[in-house]
Amino acid sequence: MAENGKAHQTVIKKYANRRLYHTGTSTYVTLEDLATMVQSGEDFVVYDARSGDDITRSVLTQIIFEQENKAGEDNLLPVAFLRQLIRFYGDSMRTMVPSFLEFSMANFARDQDGLREKLSQSFGPSAFQHALEEQVRTNMNFFGDAMKMFSNFGAAGQPPSANPVVAPPAPVPAGSDLDDLKRQMAEMQQRLEALAKK
């Protein structure tokens, strides 16, 4: 099944001279062309022509870098978000960040028509900001609920709290790996909630 998905991907080859070759159209393309392909929903994979390594992630990151550099005031990535993202690279919870970002972006993309409708009903200049904050809060609640299913924060048999804010855990004896993991999960949720309020 995964092979069928790969068979439908356009293959781009990157050569040593940094040129990108579109094997479907037998033409050279630019990062701007690849950005247009992404925006139109065309799936592609990029391989290093010499080594055969899959370098799709680095090329997509380069596209974001180029877009952010030319966007001026229309940047998508706030400085606070970029700083927090960099901090997560050394954090013990970094393995959870990709899932959270994927989850949030998928929900945002799914609900963008509803957001547009809300904006068309509210003509104020802060309409988009309000709708976006509401969407972030919704995503945070979904993610918090998902995390609770896996981390079992409360005592067994007790219903989950209606309050989404997790209180700091009580001190635990040294050497308790499970309690340490619970503490880290609570800290991460508090950080994510703080990010959602920015």
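Visitor: In which element is confidence lowest, and in which is it highest?
Guide: The mean pLDDT of the chain is 75, and 59% of its residues reach 70 or more. Residues 1–5 stay under 50 and have zero contacts beyond four places in sequence. Where pLDDT is low, the predicted coordinates should not be read in detail. By element, confidence is lowest in helix α1 (residues 2–7), with a mean of 49, and highest, at 96, in β4.

Visitor: Which element supplies the largest share of the largest nonpolar core?
Guide: The largest nonpolar core has 12 residues, including Ile 12, Leu 20, Phe 44 and Ile 63. At least two residues of this core come from each of α2, β4 and α3. In soluble globular proteins, nonpolar side chains tend to be buried together. The largest share of this core, four residues, is supplied by α2.

Visitor: Which elements are among those that cover the buried residues of α3?
Guide: Helix α3 spans residues 56–70 and reaches 21 Å from its first C-alpha to its last, close to the 21 Å expected. Its buried residues are Thr 56, Val 59, Ile 63 and Glu 68. Of these, Ile 63 touches Leu 31, Leu 34 and Ala 35, leaving aside residues up to four places away in sequence. The cover over the buried residues of α3 includes α2 (31–39) and β4 (44–48).

Visitor: Is Tyr 21 buried or partly exposed?
Guide: Tyr 21 lies in strand β2 (residues 20–22). Beyond four places in sequence, Tyr 21 is in contact with residues including Val 11, Tyr 15 and Tyr 28. The cut-off for burial is under 20% relative accessible area. Because its relative accessibility is 22%, Tyr 21 counts as partly exposed.

Visitor: Which backbone nitrogen does the side chain of His 22 reach?
Guide: His 22 is also found in strand β2, and with a relative accessible area of 8% it is buried. Not counting residues up to four places away in sequence, His 22 touches Thr 10, Val 11, Ile 12, Thr 27, Val 29, Met 37 and Glu 42. At 3.0 Å, the side chain of His 22 reaches the backbone nitrogen of Gly 24.

Visitor: At what distance does the side chain of Asp 91 reach the backbone nitrogen of Met 93?
Guide: Asp 91 is found in the loop between α4 (79–88) and α5. Its relative accessibility is 16%, so Asp 91 counts as buried. The side chain of Asp 91 reaches the backbone nitrogen of Met 93 at 2.7 Å.

Terms used
Residues are numbered from 1 along each chain as its sequence is written. This is a predicted model: local features need pLDDT of at least 70, side-chain atom pairs count only at pLDDT 80 or more; totals for chains, interfaces and linings use all residues. Side-chain values use heavy atoms; hydrogens and water are left out. The expected span of a helix is 1.5 Å times one less than its number of residues. Buried means under 20% relative accessible area, exposed over 50%, partly exposed in between (1.4 Å probe, protein chains only). Contact means heavy atoms within 4.5 Å. pLDDT is the predictor's confidence in each residue, from 0 to 100. A polar contact is a pair of N or O atoms within 3.5 Å; within protein, one must be able to donate a hydrogen and the other to accept it, and residues adjacent in sequence count only if both atoms are side-chain atoms. A nonpolar core is a set of buried Ala, Val, Leu, Ile, Met, Phe, Trp, Tyr and Cys residues joined through side-chain atoms within 4.5 Å.
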